[in-house]
Amino acid sequence: MSPAPQGVSLRGVEKRFGNVTAVAAVDLDVRPGELMVLVGPSGCGKSTLLRLIAGLEEASAGEVWIGGRHVDDVAPGDRDVAMVFQSYALYPHMTVARNLGFGLRVRGAGRDEITARVGEVATVLGLTELLSRRPGQLSGGQRQRVALGRAMVRDPGVFLFDEPLSNLDAGLRLRTRDEIAALHQRLGTTMVFVTHDQVEALSLGQRVAVMDRGRLQQVGTPHEIYRIPANLFVAGFVGSPPINRLRLARDRDERGGRLRAARDAGASGHGGQGRLAGGPFRFAGKWPFDEATLGVRPEDLAVAVPGASRADFEATIVRVEALGSEQRLHLDGPADAAWVARAPPAMRVTSGDAVGVSVAWERTHLFGPDGGRLGAAPSPIRPLRAS
């Protein structure tokens, strides 16, 4: 019988390598039985944080708690965690059966117990017919399942996954991701999963922790991370294609919370003439800043032929990406900024077409000069004509 899942708590955890701070003052609670995903760009500290939980790295400051037990002075093998690595870390000279049972043999388990546990795990993971093979005779997906099974035979309180799917091709990666999600539902064990792939994070995690430069930027459900990003980094990192951005400046000719699109906002744009209709904007509340950034998800732009609806701006299509299930339209957006919109696959458009673009204002995002989110959902900003 599997043990009860264990929660993980980090309190002010830091890790420094000389003058480099890899993890900075992280406070994080992983609930018992939860699948938590740590996501962020390469070098953001997510794998270091996982190794601190496992005890493979010693924290420079702070405390690590597992199952209500302070474990900073507890050896990795005694923390009741099992880690699955990107590299599989299988013994090439051992059969699948011996690889699966290796951890139990090291702990002095009897032959009958090892045989029973290996058989149970092999059945769950579909490895029964492969037990006599060696790692070199397996596909990448099969080897990853063996690595997962070797962790499972120990019945740990916490599973730790360090980018376990990075070595798999796209199709196998998707199938293995689904297998891990199904396994979590079946076992109910606490899992902490590290990835740099934000699509993987949103599809797999019950909650997601976004990291950048060693610091937690936001922790929340996939919906919260995507729809209510805490800051401009989270908004830009999570989402494919990335969120559209437009820099706004205070309208000095007006009183109150009014902003206009900054003309130099589109340094990376295509030199188009797209202009937001009805500007300036109105901010719901007291406006204390000279500048801000407007964020609009590609799916929150509706594209139509000019004059078909009351558009917020007109633009020219620069490039069309036909992806089968959708089209991505690259536009010369407002203030010469380059924007991307999603469109249905049946919509007939091509490069050079003029289009009208409408914005779902209630789903836009507004960020202050420091990158922090201004206001909760729905968005506090509207063009004045919508007031």
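**Sheets, then helices**

Tutor: His330 stands opposite Val340 in strand β18. The model is predicted, so local features need pLDDT of at least 70 and side-chain atom pairs count only at pLDDT 80 or more, while totals for chains, interfaces and linings use all residues. Residues are numbered from 1 along each chain as its sequence is written, and side-chain values use heavy atoms, with hydrogens and water left out.

β18 is joined to β17 (residues 327-332) by six bridges, and these two strands run antiparallel. Strands are DSSP runs of E of at least two residues, and helices are runs of H or I of at least four, numbered from the N terminus; two strands pair if DSSP finds at least two bridges between them. β17 and β18 belong to an open sheet of five strands, ordered β15-β19-β16-β17-β18 with antiparallel pairing. At its edges stand β15 (301-304) and β18 (338-343); each has a single partner strand, so one side of each is left without a neighbour in the sheet. From one strand to the next, the twist averages 45° (angles run from 0 to 180 degrees between N-to-C directions, with axes fitted to C-alpha atoms, for helices over the stretch in contact).

A second open sheet has four strands in the order β2-β1-β4-β5, again with antiparallel pairing. Its edge strands are β2 (20-30) and β5 (69-70), each with a single partner strand, so one side of each has no neighbour in the sheet. Within this sheet, β1 (residues 8-17) and β4 (residues 61-66) run antiparallel and are joined by five bridges. Ser9 stands opposite Trp65 in β4. Helix α1 (residues 46-54) lies across β1, β2 and β4, and runs at about 115° to β1.

Elsewhere, strand β14 (residues 291-296) contains Thr293. Thr293 has 14% relative accessibility and therefore counts as buried (under 20%; exposed is over 50%, partly exposed in between, with a 1.4 Å probe and protein chains only). Leaving aside residues up to four places away in sequence, Thr293 touches Leu232, Arg245, Leu246, Arg247, His365, Leu366 and Phe367 (contact means heavy atoms within 4.5 Å).

Turning to helix packing, α3 (residues 111-125) and α4 (residues 140-152) pack at about 135°, with axes 10 Å apart. The two helices are therefore oblique to each other (under 35 degrees is roughly parallel, over 145 roughly antiparallel, 65 to 115 roughly perpendicular, and the rest oblique). Arg117, Val121, Val124 and Leu125 of α3 meet Arg145, Leu148, Gly149 and Met152 of α4.
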